[in-house]
Amino acid sequence: ELSRIRGGQASGMAASPIRWIPPHSLFNHNSRCKILSSAGLLSGSALSRRRLSAPTSLHLRGGSQEHRGNCYYDVDGTLYHGTMGHCAWWFVGALPHPRQRAIKRFQICLTIPFIGILALFDEAKAARLLAGIILRGVTQQDASLASKIVASGIMSRAYPQVLEHLRAQQGAGRKVFLLSGNVEPMIESLAHDLGCSVIATRMEIKNGRYTGNVLGDVCVLERKRQKLLEHLPSNLKGSGLTLRGTTGVGNSMYDVPFLEEVSEAYVVRPGSRLRKIAERRGWKLDFARVKGVGAEDGKKKSGSFRSFFSRYSFELGVSIFWGAACGLLGITATPSASTAVGVNTVKQQTETN
């Protein structure tokens, strides 16, 4: 419109005073009509009849608006109250072959205490070890069926406020991605049910079966941030505006690197350390005390011990079970004092004879 105004003035049209209009006002219907009216291009009934529509997307230098409006959600501990250990138990319990199901459940019970401890120091190694146990030798068809049970388990423990936020973003026309350190075969059905795409840890497949080996790195910490950046199209990389308008939702310190890249970050039930980082960096704490899981007093901060127990309740429960079982075995295996005396008496009589 401004070029037409200038062209009209150059051809002899009566000059109209042109004042500075902020750029964002050009996308407002009333402001555009006022500009055209002051330039003599609209008047009277034409001003009330003419309808001008704002552009559907604003293109900035560096790429399109579409990829700067994506939303990225972590899964474990963010969408639902649980960890990858819960998903593994649901997944293995849904395998169709009883022998395979029994063996893998025994392996999980045997190793989950060590995996839980390892996760405190290196979550990537813990996730790699657990993924190898549950997926080794499983066919793609069986994994697809078991993934549906995992999706049902996650939805039964989901945070309603976080799911409501996710669906609101989808209703606004934004693309939603599940960016998780969990493995793709376990959360693919969840992504399908929610209408999302998956960016997660990929597993190796040979002859239609999972080998238990991870392709590349586990999607946590810096690797999660790299996957977020790799997901962007090539024309947006390195522009400085690539992540403008994106939203990220996480729940642990392992999500901090990717939350630093988005322009709007949310944290779900953060521990004391993550809460301090969120407050310092201006991240939103709308889900700090989600309904149905958090304490009654929403203003009270969760301590590190409470956060640890809440996050690793499944691993701690299995560890306590195995500790009690080993203690009982130790008690029953230890000979009593009377038994020891009887054995010594028999030895002495044997030597005398």
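Me: Is Cys 196 buried or exposed?
Reply: This is a predicted model, in which local features need pLDDT of at least 70, side-chain atom pairs count only at pLDDT 80 or more, and totals for chains, interfaces and linings use all residues. Residues are numbered from 1 along each chain as its sequence is written, and side-chain values use heavy atoms, with hydrogens and water left out. Buried means under 20% relative accessible area, exposed over 50%, and partly exposed in between, with a 1.4 Å probe and protein chains only. Cys 196 has a relative accessible area of 12%, so the residue counts as buried.

Me: How many disulfides does the structure hold?
Reply: A disulfide is a covalent bond between the sulfur atoms of two cysteines; here the term requires a pair of cysteine sulfur atoms within 2.5 Å. The cysteine sulfur closest to that of Cys 196 belongs to Cys 71, and at 9.5 Å it is too far for a bond. The number of disulfides in the structure is 0.

Me: What is the relative accessible area of Cys 219?
Reply: Cys 219 is another buried residue. Its relative accessible area is 0%.

Me: Which residue just after α9 takes a positive phi?
Reply: Helices (H or I, at least four residues) and strands (E, at least two) are DSSP runs, numbered from the N terminus. Helix α9 covers residues 184-194, and its buried residues include Met 186, Leu 190 and Leu 194. Just after this helix, a positive phi of about 75° is taken by Gly 195.

Me: Where does Arg 269 lie?
Reply: Arg 269 is not a glycine, yet its phi is positive, at about 45°. With 17% relative accessibility, Arg 269 counts as buried. Its place is the loop between β6 (264-268) and α12 (272-281).

Me: In which helix is Leu 221 placed?
Reply: Leu 221, a residue other than glycine, has a positive phi near 50°. Leu 221 is partly exposed, with a relative accessible area of 36%. Its helix, spanning residues 221-231, is α10.

Me: How many residues are in the chain?
Reply: The chain has 15 helices and 7 strands. Buried residues make up 41% of the chain, whose residues number 353.
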